[in-house]
Amino acid sequence: MASECDVVIAGGGIAGLTAAVTAARLGRKALVLTGDVPGGQLMSIDKIEGYPGFPEGVPGYDLCPMLQDHAAAAGAEFMMTGLERLDAQERQWRVTTGEGDILARTVIVATGSSLKRLDVAGEQRLTGSGVSQCASCDAPLFRDRVVAVVGGGDSAMQEALTLAAFASQVIILHRGDALTGQACYRDRVSAHQKIDIRFNTAVTEILGESKVTGLRTRKSSEGAVVDLEVDAIFAYVGLEPNTAVLQDRLSLDRAGRIPTDGWMRSELAGVCAAGTVRCQSPCRAVSAAGDGASAAVTVDRYLTEGSWREG
């Protein structure tokens, strides 16, 4: 594996892999740091909808390997390790990884995001025993059982629909008074006979000793406490950008995301951000692909012209 390259791409999700395809096709020596699980968070998604070329949707565990094969065929290389530190070194970047240091002329940060946790009593203790964040992985374990999904966005509704194929009932618990995801998901969830939606409801505790047996909830309107009997809980309450290792190197917004311009350029010359780690990301698979392609074109122009902010 080369210790020097034109561009290091930190992240093996859709943004990173699309950047790798584009950079390699432009003739750049591209190295992708995929982390422990190539494909990122989307590998656990049962069906990605709205992605061009797949009108019926495509599983993340199919799409991401296809993109990796595409990037490899274009000439990109891969390391199953992650970004640990980034340091400037004579108009280059020293990229520290778990497998050693790499010198890169440019860097594309596409490290993605992780699902936020509820941070309530019982959550950590019962993780793996009824507390999960992967419906496609664990739904078959709860066939003919009652399960809960927390959240009101696209992810919560997608996972509720996945769970409904197995569970006897899926209860969606949402703090707000309306679902916030795409209309296509709202319509399907609202019409599904197995899905019960309960608004203005927050989970305050996960109940059970060795496994989940129920939830303690509070109605935001009157403050009433209600215990529900469920066998599992799946939380989808937002995303936490994976930028902790960069907080001393880059300015981040209040949510921990990286500010960029329309060309994905950060404040650091030669460093772009793509996908859900950047500010104002729509958090869609298709937009992550666009970000990755734009970032690769940007670093290619920078390597050719030497100018970061002009033009």
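A residue is called buried under 20% relative accessible area, exposed over 50%, and partly exposed in between, with a 1.4 Å probe and protein chains only. The model is predicted, and local features need pLDDT of at least 70, side-chain atom pairs count only at pLDDT 80 or more, while totals for chains, interfaces and linings use all residues. Residues are numbered from 1 along each chain as its sequence is written, and side-chain values use heavy atoms, with hydrogens and water left out.

**Exercise 1. A sheet and a salt bridge**

Task: Determine in which order strands E12, E13 and E14 form their sheet, and state which strands Arg216 and Asp227 lie in.

Solution. 

Step 1. Strands, like helices, are DSSP runs numbered from the N terminus: a strand (E) has at least two residues, a helix (H or I) at least four. Two strands pair if DSSP finds at least two bridges between them. In general, strands of a sheet pair through backbone hydrogen bonds, either parallel or antiparallel.

Step 2. The three strands form an open sheet in the order E12-E13-E14, with antiparallel pairing. Strand E12 (201–207) and strand E14 (225–228) are at the edges; each has a single partner strand, so one side of each is left without a neighbour in the sheet.

Step 3. Strand E13 (residues 214–219) pairs with E14 over four bridges, in the antiparallel sense. Thr217 has Val226 in E14 as its bridge partner.

Step 4. A salt bridge requires a side-chain nitrogen of Lys or Arg within 4 Å of a carboxyl oxygen of Asp or Glu. Arg216 and Asp227 form such a bridge, with their closest N and O atoms 2.8 Å apart. Because Arg216 is in strand E13 and Asp227 in strand E14, the pair ties together parts that are 11 residues apart in sequence.

Step 5. Arg216 has a relative accessible area of 30% and is partly exposed. Asp227 is also partly exposed, with a value of 42%.

**Exercise 2. Further salt bridges**

Solution. 

Step 1. Arg28 counts as buried at 18%.

Step 2. Asp196 and Arg198 also meet in a salt bridge, at 2.9 Å from N to O. Asp196 is partly exposed at 24%, and Arg198 is partly exposed at 29%.

Step 3. A network of salt bridges links Arg85, Asp87 and Arg249.

**Exercise 3. Cysteines**

Solution. 

Step 1. A disulfide is a pair of cysteine sulfur atoms within 2.5 Å.

Step 2. The disulfide is formed by Cys134 and Cys137, whose sulfur atoms are 2.0 Å apart. The link of Cys134 and Cys137 is right-handed, with 65° about the S-S bond. Cys134 is buried, at 10% relative accessibility.

Step 3. Cys184 is in no disulfide; the nearest cysteine sulfur belongs to Cys283, 16 Å away. Cys184 is partly exposed, at 36%.

Step 4. Cys272 is likewise in no disulfide, the nearest cysteine sulfur being that of Cys279 at 14 Å.

**Exercise 4. Aromatic pairs**

Task: Describe the geometry of the pair formed by Phe142 and Phe234.

Solution. 

Step 1. Rings of Phe, Tyr and Trp (its six-membered ring) pair if their centres lie within 6.5 Å; planes under 30 degrees apart are stacked, over 60 edge-to-face, and the rest tilted. Three aromatic pairs are counted.

Step 2. Phe142 and Phe234 are edge-to-face, with 6.3 Å from centre to centre and 90° between the planes. Phe142 and Phe234 are both buried.

Step 3. The ring centres of Tyr302 and Trp308 are 5.1 Å apart and their planes stand at 75°, so this pair is edge-to-face. Tyr302 and Trp308 are both buried.
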